[in-house]
Amino acid sequence: MPGGAVSGRPEALNGGVDPALIERFSPPGTILHMLIETITPPDLEWQDEALCAQTGGDFFFPEPGSSVREAKRICGLCPIRSACLEFALDNDERFGVWGGLSEKERLAIRRTSR
């Protein structure tokens, strides 16, 4: 793509912003800094090591009323379970099993952390 953009979007919108430049030209607390933080995608490299990435999403996003037992068993063996749960809580993931916890369990954590 021309200019290093993906899908015609500027690099800044694709996470191509150098953190040092953000700090230099938009100090923390400024509107520009907050805007850049919201459009910079999170680091998702941890997902490459996730066991769920190797097993498929059916266990982790079951039909309503279905068991999440198998998903929780797989999560219990996963080396990056804590990173997954942290991501789900930070990004308010409302569906599926993340970090070994169901939607209801994550909601309970969010409610108690307020």
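The largest pocket has a volume of about 250 Å³. Of the 13 residues lining this pocket, Pro 62, Glu 63, Pro 64, Val 68 and Glu 103 lie closest to its centre. The model is predicted. The average pLDDT of the protein chain is 78. The structure also holds 1 cavity of 30 Å³ or more and 3 aromatic pairs.

**Pockets**

- The lining of the largest pocket divides into 6 nonpolar, 4 polar and 3 charged residues.
- The second largest pocket has a volume of about 150 Å³.
- Trp 46, Gln 47, Ala 50, Cys 52, Ala 53, Gly 57, Phe 60, Phe 61, Cys 84, Val 97 and Trp 98 line the second largest pocket.
- By class, the lining of the second largest pocket has 9 nonpolar residues, 2 polar and no charged.

**Cavity**

- The volume of the largest cavity is about 80 Å³.
- Its lining consists of Ala 50, Leu 51, Cys 52, Phe 60, Ile 74, Cys 75, Cys 78, Arg 81, Cys 84, Val 97 and Gly 99.
- Of these lining residues, 9 are nonpolar, 1 is polar and 1 is charged.
- Helix 4 (69-77) and helix 5 (81-90) each give at least two residues to the lining of the largest cavity.
- Ala 50, Cys 52, Phe 60, Cys 84 and Val 97 are among the residues that line both the largest cavity and the second largest pocket.

**Aromatic pairs**

- Trp 46 and Phe 87 form a tilted pair, because their ring centres are 5.5 Å apart and their planes stand at 55 degrees.
- This pair links distant parts of the chain, 41 residues apart. Trp 46 sits in the loop between helix 2 (31-39) and helix 3 (52-55), and Phe 87 in helix 5.
- Both partners are buried: Trp 46 has a relative accessible area of 15%, and Phe 87 has 13% relative accessibility.
- Phe 61 and Trp 98 form an edge-to-face pair, because their planes stand at 85 degrees, with ring centres 6.4 Å apart.
- The pair of Phe 61 and Trp 98 also links distant parts of the chain, 37 residues apart. Phe 61 is in the loop between helix 3 and helix 4, and Trp 98 in the loop between helix 5 and helix 6.
- Phe 61 is partly exposed, at a relative accessible area of 46%, whereas Trp 98 is buried at 12%.
- Ring pairs join Trp 46, Phe 61, Phe 87 and Trp 98 into a cluster.

**A buried arginine**

- Arg 110 belongs to helix 6 (residues 103-112).
- Arg 110 counts as buried because its relative accessibility is 14%, and the limit for buried is under 20%.
- Leaving aside residues up to four places away in sequence, Arg 110 touches Leu 89, Asp 92 and Glu 93.

**Confidence**

- A pLDDT of at least 70 is reached by 65% of the residues.
- Among the elements of the protein chain, helix 4 has the highest mean pLDDT (95) and helix 1 (residues 19-25) the lowest (64).
- Over residues 1-14 the pLDDT is below 50. This stretch has 17 contacts in the model beyond near neighbours in sequence.

Methods:
Residues are numbered from 1 along each chain as its sequence is written. This is a predicted model: local features need pLDDT of at least 70, side-chain atom pairs count only at pLDDT 80 or more; totals for chains, interfaces and linings use all residues. Side-chain values use heavy atoms; hydrogens and water are left out. On a 1 Å grid over the protein atoms alone, a cavity is a set of points where a 1.4 Å probe fits but cannot get out, and a pocket is an open set with protein on both sides within 12 Å along at least five of seven lines; lining residues have an atom within 4 Å of a point. Grid points are joined across faces, edges and corners, and a volume is the space filled by probe spheres set on the points. Helices (H or I, at least four residues) and strands (E, at least two) are DSSP runs, numbered from the N terminus. Ala, Val, Leu, Ile, Met, Phe, Trp, Tyr, Cys and Pro count as nonpolar, Asp, Glu, Lys and Arg as charged, and the others, Gly among them, as polar. Buried means under 20% relative accessible area, exposed over 50%, partly exposed in between (1.4 Å probe, protein chains only). Contact means heavy atoms within 4.5 Å. pLDDT is the predictor's confidence in each residue, from 0 to 100. Rings of Phe, Tyr and Trp (its six-membered ring) pair if their centres lie within 6.5 Å; planes under 30 degrees apart count as stacked, over 60 as edge-to-face and the rest as tilted.
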